[in-house]
Amino acid sequence: MAGDRSKSEKNRGENNQSRRDPYEVLGVSATSTDQEIKTAYRKLALKYHPDKNANDPKAADMFKEITYSYTILSHPDKRNQYDTAGFEAIEAGSQDLELDLSNLGAMSTMVAAFFSKLGVPIKTLVSATVLEEAINGTVLTCPLSLGKPVSRKVEKQCAHFYSIRITDKEAQAGIVCRVQSPEKSKFKLLYFDRDEDGGLNLALQEDSAKKGKVTAAGMYFLGFPVYKLDQQSSLMAKKDPDTAFFKKLEGFQPCEITELKAGVHTFAVYGDNFFKSASYTIEILSTASFVNEKEKLRAVESHISTKRTEISKFETEYRQVWFRIYLYFPLYYLVNIIISTVVFSQVLAQFTDMTSRFTQEMQTIDQLLKQRNEIQASYTTTPQISSSRSKKRVILKDDKKTSVKDGSKKWYSIHVKVDKRKA
């Protein structure tokens, strides 16, 4: 066992030595800002994107190295860990699985089905074709009006672009962009910066997540930090519930942009489904009439941020008590002459307190996240969806004609079974 451990540590050390400095990989300095790091990453990622280098293994390795370097430098905690202690401080196992399935053709279905069976959430990349067309300014952009939702279907690995003009007054009140799918389609919500040449550069990205009977994603520009919460793997919860709990808020990071200025802004919805097009409804609105919701969200975001720091400290205490229990429990029963009943009772009392606090903290965090989801979902002018079947859909002219009849059964078995249970 000891030999295997030393061999593993040796291999890990050799791997760390072979890795290049993330700052060197991205061509930035240790004093570079988050925005400078992000800009450098996007330029390199587009250059070495698998879509553009399908048969080039060197480009694939470079793309992987660029992505790994960015996962370190884009995360405040990981960047600080690397700056302090190098790669040894970075947990390689915590990396999210990120794949680009847009160039696999029919294979993408097989890959998606395989990982879905395993319960592994897959982070896919935005197609290089979409990003390049945006940078070149050749995408078609549909104008939107505040408070007027639009429903469409976007093909997989394709994107619909939207532009909206906001005034100074609307910008100061706050802007929210929300997208949801009653069919639980998988999609990405994107926000683009416009450069002087008219090109669009990807600035923000939100992956859709299940929210009750829909999938949804939102961006909140309210003048204060609204955090992004990365979804944790369900496999971690099954394998180690304690670790899953303590890591639950690890990805809770502030959005890079907290407010928008007056002018024209561009959003996009990217079809991230593996098997079919993604149905969605997009709505952009001013939060001038959502004063209470805005203040509630500010309070909840602040509370979760504070709780994130508290949980990090609590984890250390929790692990120490568990270690003492494992140490003292066998000593008390096997060689109780070594340890007194008083000492063991103290350790047991600490353990009881810690497990009780663990339960309370878990309930508190779940409740805060539930409140957060409810507040964010309230930013809409459309009625809340109470069924997986949409009753009415606004279709733009360039979309294919679709008819949605309330209560109609689908020919495939999943919808039929659902309807039978509801009948």
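# Briefing: an open sheet, a helix pair and salt bridges

Five strands form an open sheet in the order β3-β5-β13-β7-β8, and their pairing is mixed. The model is predicted. Strands β3 (141-143) and β8 (200-207) stand at the edges of the sheet with a single partner strand each, so one side of each has no neighbour in the sheet. On average, and with direction ignored, neighbouring strands of this sheet are turned by 30° against each other.

**Strand pairs in the sheet**

- C142 has Y162 in β5 as its bridge partner.
- At the other pair described here, β7 and β8 run in the antiparallel sense over seven bridges.
- L189 has E206 in β8 as its bridge partner.
- Strands β7 and β8 form a hairpin, with five residues between them.
- G198 lies in the turn of this hairpin and has a positive phi of about 90°.
- In a regular strand, side chains alternate between the two faces of the sheet.

- Two packed helices are described by the angle between their axes and the distance between the axes.
- For helix α3 (residues 34-47) and helix α4 (residues 57-73), the axes come within 10 Å and cross at roughly 165°.
- An angle over 145 degrees counts as roughly antiparallel, and α3 and α4 are therefore roughly antiparallel to each other.
- The crossing of these two helices, α3 and α4, is left-handed.
- On the α3 side, the contact is made by I37, K38, Y41, L44 and A45.
- On the α4 side, F63, I66, T67, Y70 and L73 meet them.
- By type, the residues of the contact of α3 with α4 are eight nonpolar, one polar and one charged.

**Salt bridges**

- The structure holds 14 salt bridges.

Key:
Residues are numbered from 1 along each chain as its sequence is written. This is a predicted model: local features need pLDDT of at least 70, side-chain atom pairs count only at pLDDT 80 or more; totals for chains, interfaces and linings use all residues. Side-chain values use heavy atoms; hydrogens and water are left out. Two strands pair if DSSP finds at least two bridges between them. Helices (H or I, at least four residues) and strands (E, at least two) are DSSP runs, numbered from the N terminus. Axes are lines fitted to C-alpha atoms, for helices over the stretch in contact, and angles run from 0 to 180 degrees between N-to-C directions. Angles under 35 degrees count as roughly parallel, over 145 as roughly antiparallel, 65 to 115 as roughly perpendicular and the rest as oblique. A crossing is left-handed if the near helix is turned anticlockwise from the far one by less than a right angle, and right-handed if clockwise. Contact means heavy atoms within 4.5 Å. Ala, Val, Leu, Ile, Met, Phe, Trp, Tyr, Cys and Pro count as nonpolar, Asp, Glu, Lys and Arg as charged, and the others, Gly among them, as polar. A salt bridge is a side-chain nitrogen of Lys or Arg within 4 Å of a carboxyl oxygen of Asp or Glu.
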